Amino acid sequence: MGIPRKYLVMLAVLAMQTCLGGIYAWSEFAGRLQAEHGLAAAQTSYIFGLCIQVFTIGAIVTGRLSDKWGPRPLAAAGGVLLGMAYLLAGYSGGQYWLLLVGAGVVQGLAIACGYATAIATVVRWFPYHKGLATGLAVAGYGLGAGVLGAVIEAFHAYGWDVLKIFRAVGLLYGGVCLVAGLTMADPPRAISHEHPPFIGYRRLLGDRRFWALALAMFGLTMPGLIIVPNLLQIGTNFGFGSQVAAWSISAFAVGNAAGRLVWGRAYDRLGGARALPLSMAGILVSVLVLLGSDHVPAEGYWIVYLIGVAMVSFCYGSCFAIYAPRVAELYSPAVVGTIYPLILAAHGIGAVIAGWWIDQTNATANGFRPAIWIGLGFAAVAMAGYLLLSRGTRARPTHIDLPDRIDADTP
């Protein structure tokens with residue numbers, strides 16, 4: 001007796017998400033690009049921010065196509081594009097514009113094809129455990145930083161330069177994602193709507209619940225967008241050694257993956273109305289712990305910094321574990337691929353603002369504290385806005401202007 005199809009799909013989703021989540025190990029590449037090819041920290045931060053922006057904007061189109069065509073074509077395309085992205089960076093010769101196109105634009109398109117497509121697929125296969133299924137899927141994305149970080153360190157130990165590492169990762173990750181993408185499929189029966197499906201995008205954009213989620217995604221991910229691409233530099237800037245700074249990437253990966261699992265499970269147990277505000281409060285507290293870690297006097301208290309990083313990543317991961325099932329709860333699982341990317345677009349806008357703010361504060365020269373504090377301010381305002389917009393609303397399903405039937409691939 002073979003493995004049930006839904007578990008094969010879940011394994012494929014995990015494999016793809018782990019590869020796509022390698023973007024969170026960008027600080028490993030950034031440091032080497034700065035040391036070996038003279039790139040400025042602002043340049044490497046902008047590559048990361050551009051990738052996130054292209055991903056979140058592109059997912060609006062690819063998510064809609066996934067709802068229409070099924071996940072396989074988009075997921076397979078994501079694997080091909082991911083391989084191309086790393087290979088282009090690997091053959092860039094260290095030229096900034098080629099790295100910007102490869103690691104920024106093409107990698108962003110790869111994630112756009114694979115990320116939301118994979119999430120929408122698992123939500124459909126596991127309708128009664130949407131939070132846990134989404135948490136498992138995005139846990140792979142969170143673990144991606146630790147996995148790719150270990151791969152980079154292993155290749156570096158053999159004396160490989162950063163461009164050669166890019167090329168090796170392109171061949172390895174591109175192949176894994178392509179196979180995973182070809183394995184994906186919707187459930188065998190077409191997804192049917194329990195309520196009339198036509199109300200239109202205009203009505204969606206007039207829905208306070210939609211804007212509450214978009215505002216929360218924008219503001220609550222802002223601290224993470226400032227911290228994630230600069231973990232190594234922040235650790236050094238806070239006065240910790242290079243080894244501790246390197247450990248922070250592993251702490252982030254473990255906390256991020258654990259957070260996505262735990263928050264996904266919490267969503268199933270508590271429901272979105274309670275899980276979302278709880279996760280927001282966790283983000284505020286965790287950033288404060290991180291900011292306070294460099295004021296601990298004893299040298300041995302570097303562990304507080306690592307705990308702070310793990311806490312930030314644990315709560316940051318909640319943004320990607322509970323918003324998708326909340327969309328399914330509010331609007332129907334059939335349209336997660338279309339609506340969830342619209343929420344993610346707010347995350348992309350936040351990535352651009354985070355990169356701009358790091359540049360404006362000259363963070364690498366003056367320290368990252370001002371940038372992190374302003375990110376915390378964005379998060380606090382977004383939480384207040386979410387609570388205000390959510391007052392008096394109910395989690396009743398609302399359907400948007402989409403086809404009445406989505407054809408699924410036959411397993």
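In this predicted model, glutamate 329 has a relative accessibility of 26% and therefore counts as partly exposed. Glutamate 329 makes a salt bridge with arginine 326, with 3.3 Å between the closest N and O atoms. The two lie 3 residues apart in helix α15 (residues 323-331), so about one helical turn separates them. Arginine 326 counts as buried because its relative accessibility is 10%.

The model holds 4 salt bridges. Among them, Glu28, Arg32 and Glu153 are joined in a network. Arginine 32 pairs with glutamate 28, their closest N and O atoms being 2.8 Å apart. Both belong to helix α2 (residues 26-37), and because they are 4 residues apart, about one helical turn lies between them. Arginine 32 is buried at 12% relative accessibility, and glutamate 28 is buried at 6%. Arginine 32 also forms a salt bridge with glutamate 153, at 3.5 Å from N to O. This pair connects distant parts of the chain, since arginine 32 is in helix α2 and glutamate 153 is in helix α6 (residues 130-157), 121 residues apart. Glutamate 153 is partly exposed, with a relative accessible area of 36%.

Helix α3 (residues 41-69) contains threonine 62, which is buried at 9% relative accessibility. A polar atom of the threonine 62 side chain lies 2.6 Å from the backbone oxygen of alanine 112. Beyond four places in sequence, the contacts of threonine 62 are Leu74, Ala112, Cys113 and Thr117.

The mean pLDDT is 81, and 88% of residues reach 70 or more. Over residues 397-411 the pLDDT is below 50. Where pLDDT is low, predicted coordinates should not be read in detail.

Methods: Residues numbered from 1 in each chain as written. Predicted model: local features only at pLDDT ≥ 70, side-chain atom pairs only at ≥ 80, totals over all residues. Heavy atoms only, no water. Buried < 20%, exposed > 50% of the residue type's maximum accessible area, 1.4 Å probe, protein only. Polar contact = N/O pair within 3.5 Å; in protein donor to acceptor, adjacent residues only side chain to side chain. Contact = heavy atoms within 4.5 Å. pLDDT = per-residue confidence, 0-100. Salt bridge = Lys/Arg side-chain N within 4 Å of Asp/Glu carboxyl O.
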